[in-house]
Amino acid sequence: MSLFEKIFNYQIVSRLDESGVFATTSQERIWLQSMLADPAATEAFTPSTLDKLRLMLADDEPLEVDGSLREKAGIPASPVYHPLLRILRPILRSRSGICMSYRMRNGRVHERISGFPYKLEFSMVKKEWSLLWYNRRHRALMSTKLTNIATITEEEFSSEKTAKFTQRILGILESRKEQGIIEIMPVYNGELSRILYAFSCFEKEVEYVQDVDTYRITLTFQADECEYVLSKIRFLGKRVKVVQGSRLISRMKETIGKALARYEED
């Protein structure tokens, strides 16, 4: 594609965005049609929205698998939609408070706890949703799995309370942040996009040091995400090296020491 074609396409997309029009491809429409056939669609969408989407896709050809694709030794798929999502999303949009009852890991149930919801999080590893919220009673930021929430209702908060709780949450998250600098070995500079993709879910800055022909990635992450960062670093192997971040370096040395100990001679 030439430069003029790219500029022309960009102008078209910009005008579509300004007019509120969203362009879809045939592949995207087929994917959406297949998704609507899933049993979870009846829970994820309201009946009116579901009927509207199906009507819009009525003229599209369905995806024909015809038995040519077969999955072997597959793990039973767990549902990625939770019924509480439909209740929580409007509450989050309106910046309201919540009153909920939830279970702890030890089985203890906390009844009618008042709090302020901040955001929903989905774990790609565990395939489960969690709610990040501020507990007014304990003045602490908590993460609760949606499967552990028994009941939840909306509470009206003033704009002053909303602003106060939001600032407290941001302050707590800022205090939990850690940083580490990952250096890409020059021989693997060609794999920069792949390496950046491995860290795509983290806040990062990329710097190119011309004198040594090296890319340096500064990662910013929450303290409880350290082990997940380490798993990504181990996955990339000899392509990268941790050059700053005492906790990351210490854990990598510990991992290497344990690995080498397995091959020591008696």
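User: Why is Tyr228 called partly exposed?

Analyst: Happy to start there, with the note that this is a predicted model. Tyr228 has a relative accessible area of 35%. Buried would need under 20% and exposed over 50%, so Tyr228 is partly exposed.

User: What makes Phe202 count as buried?

Analyst: Its relative accessibility is 7%. The cut-off for buried is under 20%, so Phe202 counts as buried.

User: Why is the pair of Phe202 and Tyr228 called tilted?

Analyst: The ring centres lie 5.8 Å apart, with the planes at 50°. Centres within 6.5 Å make a pair, and since stacked needs planes under 30 degrees apart and edge-to-face over 60, the pair is tilted. Phe202 sits in the loop between helix 7 and strand 7, whereas Tyr228 belongs to helix 8, so the pair ties together parts 26 residues apart in sequence.

User: How do you know that Phe116 and Phe165 form a tilted pair?

Analyst: Here the centre-to-centre distance is 5.9 Å and the planes make 35°. Phe116 is in strand 2 and Phe165 in helix 6, so the pair links parts 49 residues apart in sequence.

User: What makes Lys161 sit over the ring of Phe157?

Analyst: The charged end of Lys161 is 5.8 Å from the ring centre. The distance limit is within 6 Å, together with an angle within 35 degrees of the ring normal, and Lys161 is found to sit over the ring of Phe157.

Terms used:
Residues are numbered from 1 along each chain as its sequence is written. This is a predicted model: local features need pLDDT of at least 70, side-chain atom pairs count only at pLDDT 80 or more; totals for chains, interfaces and linings use all residues. Side-chain values use heavy atoms; hydrogens and water are left out. Rings of Phe, Tyr and Trp (its six-membered ring) pair if their centres lie within 6.5 Å; planes under 30 degrees apart count as stacked, over 60 as edge-to-face and the rest as tilted. Helices (H or I, at least four residues) and strands (E, at least two) are DSSP runs, numbered from the N terminus. Buried means under 20% relative accessible area, exposed over 50%, partly exposed in between (1.4 Å probe, protein chains only).
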